[in-house]
Amino acid sequence: MSKNPNPDPATHADIPVWNMETWLWEDLQVGERKRSIRRTISEGEAMLFNSLVLDMHPYVGDEIFAKTEGVFGRRLVSGAQVFSYGLGLFAHNNTQSFSYGYDKLRFVKPVFIGDTIYGIRTWLRKEPKYPDMGLVVCSYEIFKNEGELVLYAEHLQTVKYRDAAKARASVT
């Protein structure tokens, strides 16, 4: 008897993919909210992110500057990292949706190394856009620690219709 419970690679494609979403335009409910898990941002990953994106601004990369000359008295986490991590907390593998862009991105408050972030996603609106896809917009509110808003953005996505004619006719 094999100790491998999935010994036949030919059957692997029949197993559902973890974290795969398959919602379509019609499935999206305006007003629906979801809260993400939390995530603490460490110094090591902050510096790695800064190195990868070549962001060595003194506020994110220079401890002495941040303590002696900086407005906040300590190093910040890059806004780009907060944006990436905050939205990444909601990452999914929906092959029916495509990012169209972001609006209203605001860095409301600073995030510091060691802060814990989480987010709330709210579906704001949807409308027909293309023959086979509609447009949906959600807000991402990213909070730190016990609930202080640090980032706001609206994500525009195109999403396939289940029934294009019916979907377009349902929105006035």
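Where is the place of phenylalanine 72? Phenylalanine 72 sits in the loop between α3 (63-68) and α4. Helices (H or I, at least four residues) and strands (E, at least two) are DSSP runs, numbered from the N terminus. This is a predicted model: local features need pLDDT of at least 70, side-chain atom pairs count only at pLDDT 80 or more, and totals for chains, interfaces and linings use all residues. Residues are numbered from 1 along each chain as its sequence is written, and side-chain values use heavy atoms, with hydrogens and water left out.

**Phenylalanine 72**
- Phenylalanine 72 is partly exposed, at a relative accessible area of 39%. Buried means under 20%, exposed over 50%, and partly exposed in between (1.4 Å probe, protein chains only).
- Phenylalanine 72 touches Tyr59, Pro110 and Phe112, not counting residues up to four places away in sequence. Contact means heavy atoms within 4.5 Å.

**Helix α4**
- In helix α4 (residues 79-88), the buried residues are Gln81, Val82, Phe83, Tyr85, Gly86 and Leu87.
- These buried residues pack against β2 (39-40), α1 (43-53), β3 (97-107), β4 (116-128), β5 (133-144) and β6 (148-160).

**Nonpolar cores**
- A nonpolar core is a set of buried Ala, Val, Leu, Ile, Met, Phe, Trp, Tyr and Cys residues joined through side-chain atoms within 4.5 Å.
- The largest has 25 residues, of which Val82, Val111, Ile117, Ile142 and Leu151 touch the most other members.
- α4, β4, β5, β6 and α5 (164-170) each supply at least two residues of this core.
- Another core, of 5 residues, lies apart from it and includes Val60, Phe65, Leu76 and Phe112.
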